[in-house]
Each structure stands twice: as C-alpha cells, then as structure tokens.
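Could you walk me through how the strands and helices are put together here?

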Amino acid sequence: MPLPKAELHLHIEGTLEPELAFELAARNGVELPYADTGELRKAYEFEDLQTFLNLYYELMTVLRTERDFEDLANAYLARAAAQGVRHAEIFFDPQAHLARGVGMGTVVEGLWRALQHSEPVHGISTRLILCFLRDESAESALETLEAAKPYLDRITGVGLDSAEVGHPPVKFREVYEAAAALGLRRVAHAGEEGPPEYITEALDVLGVERVDHGLRCMEDEQLVARLVRDRIPLTLCPLSNVRLRTVDTLAEHPLPAMLDAGLMCTVNSDDPAYFGGYVGDNFDAVRSSLGLTEERLRELARNSFLASFLEDDEERRAR
Ligand code: ES4
Ligand code: ZN
C-alpha cells in the first residue's frame, strides 16, 4: 500500500500523456507536428523551464471541449489514486486556453465534471487553483480573474506560474489583492529558477500561504529562518527539478538539507506526464536517491495534509 498523501503542486495540463494527446488531436482535428507518440517522447529533453513550457503550451492545444478537460482530469485522478493520493489541489492555466478561444466555462465545467465524482470514484477529495501566467501582463491576469467570477464556487485559490525570471511577484500585486478580497486562497511559484528575493516578495506583497517550489530559499539563511518560524509550506517537485536542470542530479537535491533545516516540505509531481512520474514515483525516487528514512517519508506525507486547504476535520478523515 502506498503512503496516503495529498498532492498540492500539480498542473492538470501537465498530466497530458502522449497517448491521450494523440487521441484528443484526432478527436478534434488538431494537427500535431509529431508522427506518433514515440517521436513526441523524443521531444521530452528539456534544457530549462522555458524549453519545457514551449512543448507544454504546444501540446495543450489538443484540449478544446468540456469532455477533453473531463477526460484529462479523470486520467490524472485514476493514476494518482493508484499512487496513494487522497487529496489533490489542482492548478489550471485558463489564459493558455482563453488565448485559443476556449472559454473559462469550458475549462472549469469540464474539469468539474471529473472532480465532482472524484471522491466516490477515486477516493480523492479535490480543490481547484486558478493560475495566472506570469509572462503575460498584469492586465491580462485581472481580466482572467474577472472571467472566473461566475465560477468562484468551484475555485479555492489562485496561483502564479509559467516563466519566472524577469516576472517578479510584485507585478501581480493588484490581482492578488482582488483575489484575497474575493475570499480566494493564495499560492505562487517562487524560487524555482528565480532568486530567493522572489520568495520574500511572494510572501510580503502577494500574501501567499504556501510557496510552490521555493527551492532557492536555501541561498538565503534569513529567509530559511523565516519560513521555518512561520511554518510556510514549500511544495517541492524533485523529478521536475532534475528534468528542468534546476538540480544536476536527484542525489544532489537539497530536500534532506531542507528537512534538516526544519522547513515544512512536501513532495509533488508538477507535470507528471513530462517529468517521468506521478507523486508516488517522486516519493520512490527521493527514497532511493536521497536515502530518506521511513520516518522522513511519513513526515512528508503528513505535511502534505497539514499544508493543504482542507479543513481540520476533512484533513483528519483524508489521512
Ligand atoms: C510549470 Cl514546472 C513549472 N514551472 C512554472 N510554471 C509551470 N507551468 C507548468 N509547469
Ligand atoms: Zn509547477
């Protein structure tokens, strides 16, 4: 039996497996510039975050209808359930779809069709987190939040993702203030490729409760002390860091040092279809490459529930 766990850093568009991409391409009459899944898989060699994002945005053009988003989410939930996931807080990138003429309603309603039945079918409770693309303008983020207003009963929080360097959190101050005023929870990617200052800024300016990645906090002792003191959860994604060359090898991942420093770490899959594994595979990988003890692994699983947006009673039931 895999350890029961919550997944807190998961881009639903990053769960699009090559087989489903080709199936949806055929269903929707979308041409992909790859002959077959084998040829597509050869494109999964990334230099950095941007080279990955190029493929991520290209492939997601096959997602067009509510049914496509429903099928995508169901495929993820089935795989996650098999790896012990009991709760999932799922990111989605509406701007990447709105730009292609796919409406907010299509995305949210489609995902909802799967999430609605997730507890009875997969044994996974879920939340949705709408992410703003930080390489798009602040105005575009505000328009996106506006477009989400009819669906706020289905959306728990907002996040910030896509190309980090050159797009500091402060750019999104206004939209995060508006999101907070609407009662939305706040998270942001920070310190993946960007400097530790972006983590500080996400906390101070955006008011985030959780930091996605946060890996580069280790370059700033005072920041580490603050994150430890305030028990700010970090959603780490070890296989993602290796594939995007944020760390050279898994054996050199700072996770053990981060746990030793007292940081509240969680382990997640990020974009599992692209980075070589789902969340259980990330747990297996850190166990074998980093020699984490069973107690450490249980701590990571426990942290995932504590760091989630579940209420206390729901959280106890889930784990
Ligand atoms: C992402 Cl790994 C990563 N980083 C930033 N933005 C993203 N969107 C999807 N995956
Ligand atoms: Zn991410």
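Predicted model: local features only at pLDDT ≥ 70, side-chain atom pairs only at ≥ 80, totals over all residues.

Residues are numbered from 1 along each chain as its sequence is written, and chains are lettered from A and ligands numbered from 1 in the order in which they are written.

Me: Which strands are the edge strands of the sheet?
Reply: Helices (H or I, at least four residues) and strands (E, at least two) are DSSP runs, numbered from the N terminus. Two strands pair if DSSP finds at least two bridges between them. The open sheet has eight strands in the order E1-E2-E3-E4-E5-E6-E7-E8, with parallel pairing. The ones pairing on one side only are E1 (5–11) and E8 (264–267).

Me: What is the bridge partner of Pro233 in E8?
Reply: E7 (residues 233–236) and E8 pair in the parallel sense over four bridges. In E8, the partner of Pro233 is Met264.

Me: Are Met264, Cys265, Thr266 and Val267 buried or exposed?
Reply: Buried takes 20 or more other C-beta atoms within 10 Å of a residue's own, exposed 12 or fewer, partly exposed in between, with C-beta atoms placed from the backbone. Met264 and Thr266 point one way from E8, Cys265 and Val267 the other way, and all are buried.

Me: At about what angle does H10 run to E5?
Reply: Axes are lines fitted to C-alpha atoms, for helices over the stretch in contact (C-beta atoms, placed from the backbone, within 7 Å). Angles run from 0 to 180 degrees between N-to-C directions. H10 (residues 196–204) lies across E5 and E6, and its angle to E5 is about 170°.

Note on methods:
Contact = placed C-beta atoms within 7 Å.
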